Amino acid sequence: MRQEKKRIVVKVGTSTLTHEAGAPNLRRMEQLARILADLQGSGNEVILVFSGAIAVGTSRLGLKERPGELRMKQAAAAVGQCRMMHIFDQFFAEYNQSAAQILLTGDDVEDAGRAEHLRRTFSALLEMGVIPVVNENDSVSSAEIETGSHKVLGDNDTLSAVVAKLCRADLLVLFSDIDGLFDSNPRENPGAQLLHRVEELTPEILEMAGGAGTWRGTGGMATKLSAARIAMEAGCDMVISNGSRMEDLYGIVEGRDIGTRFVAK
């Protein structure tokens, strides 16, 4: 039986796309491009949201650690964004797919006029079979990199959920360095159980959110649950899964019990 066509937003975190020192993980980036091109070639519509521009820029500039000053962070982001987009463009081209870069700020999605232009741009790109590659415009927007807080965006988990809502996506997949949502911290409790299906963000579920992960990224489980709320209310399923097994994306699209699926209302 022919699989139903889906509009899929895939967000991949910094820890998945970069090495510990911040250099791009070319093997995973190539694997990701191949899988997304395959899904696109199968009749789905695919949008990629990625993190890692500051980490990659930090490595590219030969800096020993992530800059502390805002203007230097934004400069590193500009360098890293250029590097990452170049790599993705090359890999997608190897699999006969075209990619387009879209950089967003909170103002772009808050303003109704800008949001409508964005929606039309995404629609036109997807109609033409192009894969939009999205990131927050860190060289302009400082909400995430300066304070870690945000009004509309501010982390790429939220960004991906906003994009999924804007594009009326059917599925949002967050690839991270964790397998999904556990009933307790698996790093502290070896007996922690993975929750495969969440149908409501109850207070108990929200209490399971932990802190942020590695220095290269800013998002933790709390930002993922915030993204889940946006997606679910927009009628879009969201799945958290481990980016070290990106081939699981095929099974996730088919609806298998992989990672944690937050079921849309």
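Predicted model: local features only at pLDDT ≥ 70, side-chain atom pairs only at ≥ 80, totals over all residues.
## Helix 3 against helix 4

Helix 3 covers residues 53-60, and its axis lies 6 Å from that of helix 4, at an angle of about 95°. Angles of 65 to 115 degrees count as roughly perpendicular, so helix 3 is roughly perpendicular to helix 4.

Helix 4 runs over residues 70-94, and Gln81 is part of it. Is Gln81 buried or exposed? Its relative accessibility is 8%, and the cut-off for buried is under 20%, so Gln81 counts as buried. The side chain of Gln81 makes a polar contact of 3.0 Å with the side chain of Gln101. Apart from neighbours within four places in sequence, Gln81 is in contact with Phe50, Ala53, Gln101, Leu103 and Asn135.

Ala93 also belongs to helix 4. With a relative accessibility of 48%, Ala93 counts as partly exposed. Ala93 and Ala33 are 60 residues apart in sequence, while their C-alpha atoms are 9.1 Å apart in space. Asn96 lies in the loop that joins helix 4 to strand 3 (99-104). The phi of Asn96 is near 60°, which is a positive value in a residue other than glycine. Asn96 is exposed, with a relative accessible area of 73%.

## Helix 2 and its surroundings

Helix 2 has 16 residues, 26-41. The distance from its first C-alpha to its last is 22 Å, close to the 22 Å expected at 1.5 Å a residue. Just after helix 2 comes Gly43, with a positive phi of about 105°.

Which residues of helix 2 are buried? They are Arg28, Met29, Gln31, Leu32, Ala33, Ile35, Leu36, Ala37, Leu39 and Gln40. In an α-helix there are 3.6 residues a turn, so residues three or four places apart point the same way. The buried residues of helix 2 pack against several elements: strand 1 (7-12), helix 1 (14-17), strand 2 (45-50), helix 4, strand 4 (131-136) and helix 11 (249-254).

## Lys11 in strand 1

Lys11 is located in strand 1. At 6% relative accessibility, Lys11 counts as buried. The side chains of Lys11 and Asp157 are joined by a polar contact of 3.0 Å.

Not counting residues up to four places away in sequence, Lys11 touches Val49, Ser51, Asn156, Asp157, Ser160, Val173, Leu174 and Phe175.

## Asp108 in helix 5

Asp108 sits in helix 5, which covers residues 106-110. Its relative accessibility is 16%, so Asp108 counts as buried.

What does the side chain of Asp108 reach at 2.8 Å? It reaches the backbone nitrogen of Thr105. The side chain of Asp108 also makes a polar contact of 2.9 Å with the side chain of Arg114. Leaving aside neighbours within four places in sequence, Asp108 is in contact with Leu103, Arg114, Ala115 and Leu118.

## The loop at Arg168

Arg168 is found in the loop between helix 8 (156-166) and strand 5 (171-176). The phi of Arg168 is near 55°, a positive value in a residue other than glycine. Arg168 has a relative accessible area of 60% and is exposed.

## The chain as a whole

The chain contains eleven helices and eight strands. Of its 265 residues, 52% count as buried. Its accessible surface comes to about 12200 Å², and 47% of that surface belongs to carbon and sulfur atoms.

Technical notes
Residues numbered from 1 in each chain as written. Heavy atoms only, no water. Helix = DSSP H or I, 4+ residues; strand = E, 2+ residues; numbered from the N terminus. Buried < 20%, exposed > 50% of the residue type's maximum accessible area, 1.4 Å probe, protein only. Areas by Shrake-Rupley, 256 points an atom, 1.4 Å probe, with all protein chains shown as cover. Polar contact = N/O pair within 3.5 Å; in protein donor to acceptor, adjacent residues only side chain to side chain. Contact = heavy atoms within 4.5 Å. Expected span 1.5 Å × (residues − 1). Axes fitted to C-alpha atoms, helices over the stretch in contact; angles between N-to-C directions. Parallel < 35°, antiparallel > 145°, perpendicular 65-115°, else oblique.
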